[in-house]
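Dear colleague,

Please find the structure below, which I am handing over to you. My notes on it follow.

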Amino acid sequence: MLWHAAYDQLLVHARYEQGMTASSVRAAVKDLDGSNFPAVLPGTPNMPGFVFADMLGFHAVALTVDGDPEPKAAISLLSTCLGGGTQEIAPSIGIESAAVLAREIQHYLDCHHRGSGLAGVGLDMLHIQAWRPGDGATVARALGETLRAVTPAADDDEERESELCFKLDLIHPEETSSISGKFLNAVGRRRRTGGGIVSAEDRWMTETARRPGEIVAPRLRWAKRSESDVPRTSHLALAFDSFETRLTIRKAEELGDSRPLHAFGLSRALERRVTFGEDTEWIVYAPPKTEGEKAPENRTGIDRLLRMDAAIARATSRFLGGAADDWPVLRTRLPLADRGRIDLMHEHSDWVVTVDRNACVEYFDAPVALPDIYERFVIDAIPERSDLGALQLVTTTSNLEEVRALVDEALGDMGLSGSERNSRFLLLHLKALSGRLAIRLANPSSRTGEMISLALMQAHCALAEDSSGPWLDLGRGFFVPVDEILDVAPVTGSEDDGEGGRRADFIHVQTTGRGAIEFRFVEVKHRLHLRTARQPELFQGMLAQTGDLRRRWSAYFFSKDLHPLERSLRRSQLARILRFYLERAARHRLQPAAKTRLLREIDQILLNADYLPTEIEQPDIGYVFCPEHRTGAPERIQAADAEEARLWLFGPSLLPDDPGTLPSPHDQGPPEPLEMPVPILLPNEGVTSSNSDLAQDEPPAAAASFSSEPVDGSSAGDQSARPVDPTEINLGTTAGGHDDVNWRLSIRANPHLMLVGLPGMGKTTCLINICRQLSRAGICPIIFSYHDDIDAKLADELGPLNFVDYDGLGFNPLRIDSSQPTAHVDVAGTLRDVFRGDLSRPRGYPARGAETGPEAKL
């Protein structure tokens, strides 16, 4: 009642105080309906607790018993009871999830369209398994929407119909067999007896389809099967509530800091955490602490609603045996039996669509934590939606050979090597960029060339040091695929507005320092020949796509003309989208420090009504891939009216098997790392050298020899000592103490650092700290020392050192022997040759600059 009262007052205030029209109010709050619910409730002495399951219309909530093996069966029973034995009250989330499932089924049909025909040759009969679907209403309505979508529009002369039919297996646990298929039974019974009216959206289940040769086939054939039976082969498997979830408690302080309110506190936003390991565990919970903007006309009512939520959570915690500082959470684990069921689904089905509220996407999409699982599947997931009650919907397939075959064919058409290494490389990076793009490669009519372009763009960005060069940095930012968010963020033009719904491909999101969030809008094109890749019309079209998306994105989420209701609800959508792709990026390449900064800025979008993203000079980015471009490095394109854009032309330089490409800086890779990172100290001439007995005719290799003694007690064969590129060196924190200040080192860049300070301010301490971090990262520090005080301190920190004076080295690196303006460059080149290029020269290599003399001053 508290939520309904606050909801009503918010709409009245928006209509009559903010001046919104009735239609705009309805459009704004569409996704708010049913978006607030009690996540948990305490049970009774003889019954466990209850967890949220669905909304039954606008006024009722369905909660199921903790540990229910098939929640959708319980939802069906509750809906029937509330409707007085009829199916008039449909679960709200079930309706919305049916629409989303229908789109996934249509995607499958699109990706497997062969030849002519309405559903494609071989797909006039679609075989589907539905695991734990309850009474079958959600699945049946998803199939009905699919059928209506593929049915051709009627001609003037006659009405046309689709040949598509369905064969459906409802697979249920033994204890819920009486509920399974109840909705389908009721539709058939009303049709046979004439005792009720079958609704228009369900009538298709009782109809037939005409096939060539006057053959009549039923639209839907279905059967009930037990989970203990071996499933039949199918095109699609729809899996509901596949993960075993139980209600438990955690210490409230372990669940993190206060989280921002969504939609003035009227929309429920659950937090998720996953712990990877031998037994991967998820927890889902309503945050114990919240803060943020509350409804402008009813702050007191929102406060009461939040206090009520907290009281219910504490009561549930006490029911579970918790203390005052405990908080209820839903804990999900994936035992071996459930993993076997998931593997069984994929073994017998081409695609598997999983619908689960508590866990799912991280199991399939964790390339670092679960690489074996990630390698086996292609995954497509949608961001969390408020109208789905925090449901996650994930489409997966383990049928990768078909996809790789299409990639091989496309590479051959481009004149590139269609090797297995190339196809695996491209599929890996396309999966990292967008699982939806990778999974749609199965469609032979898809533009495979553009998919290859996107994969290569992702591969280049994965190597980028920052976003100031040609490529966007994926260590500090992430991509949002525009096609995947259009259902929740309509930021493109319609077909009727003269722009044809044109849009760019991606939005790149990052922050720099303590600045606000930055958005860059990215379009990728593919052209087979250089003459077409440099056409001005191509660049003008790319600029139009990125520019239109940028303006619409800014107007939809950050316009000053938005009413408070519109702004709050839209930014709630934006925060959910960005959080989803942020978490995904963190499982791939995003650095932990960058994740922390981005999460803080995403929270500010909700907390600060006046929040605006950073305006950057060139927010529009365009990439054109051409297989004929063989120079390796990307080429900057100068186009007319491109003041706000950067356009680049690039080729296939990163393909593993493409010998025709000229070397690229990315291809050279890091040099072979040294086995043990023992620091070398190069002191001035006044320091006694431990290698003073080196003969002057010894090659520089002798001067650069390394001790075989391990650092930190590790063995010489310890693989953990190998350097990681790039490496983050922590220098401290900002003045406020909130953000780490890191120095990013990489062999692909040319990083420099100057420390300036008065005596006693900590320059030596900072240098020792840097050397310690370098050594731990597997990088050997080389120190040119002026003072003896650093020697002992380094030895205390890092262990035995190698000392080499300028005589042992073969020349004085701190002496400039010429008065030429570029003399210092010659010295630097000699030093480079010693430590990189000339270590392998034979004995007798003449020493250069070995004479003594005054040292150069820095």
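Gly477, Phe479 and Pro481 point one way from strand β19, while Phe478 and Val480 point the other way, and all are buried (under 20% relative accessible area with a 1.4 Å probe, protein chains only). In general, side chains of a regular strand alternate between the two faces of the sheet. Strand β19 covers residues 477–481; strands here are DSSP runs (E, at least two residues) and helices are runs of H or I (at least four residues), numbered from the N terminus.

This is a predicted model, in which local features need pLDDT of at least 70 and side-chain atom pairs count only at pLDDT 80 or more, whereas totals for chains, interfaces and linings use all residues. Residues are numbered from 1 along each chain as its sequence is written, and side-chain values use heavy atoms, without hydrogens and water.

β19 pairs with strand β20 (residues 506–510) in the antiparallel sense over 5 bridges; pairing requires at least two DSSP bridges between two strands. Proline 481 has phenylalanine 506 of β20 as its bridge partner.

A separate topic is an open sheet of 4 strands, with antiparallel pairing and the order β10-β15-β13-β12. Its edge strands, β10 (244–251) and β12 (271–275), each pair on one side only. β10 and strand β15 (residues 326–333) are joined in the antiparallel sense over 8 bridges, and the bridge partner of lysine 251 in β15 is aspartate 326.

Yours sincerely

How values were computed: Buried < 20%, exposed > 50% of the residue type's maximum accessible area, 1.4 Å probe, protein only.
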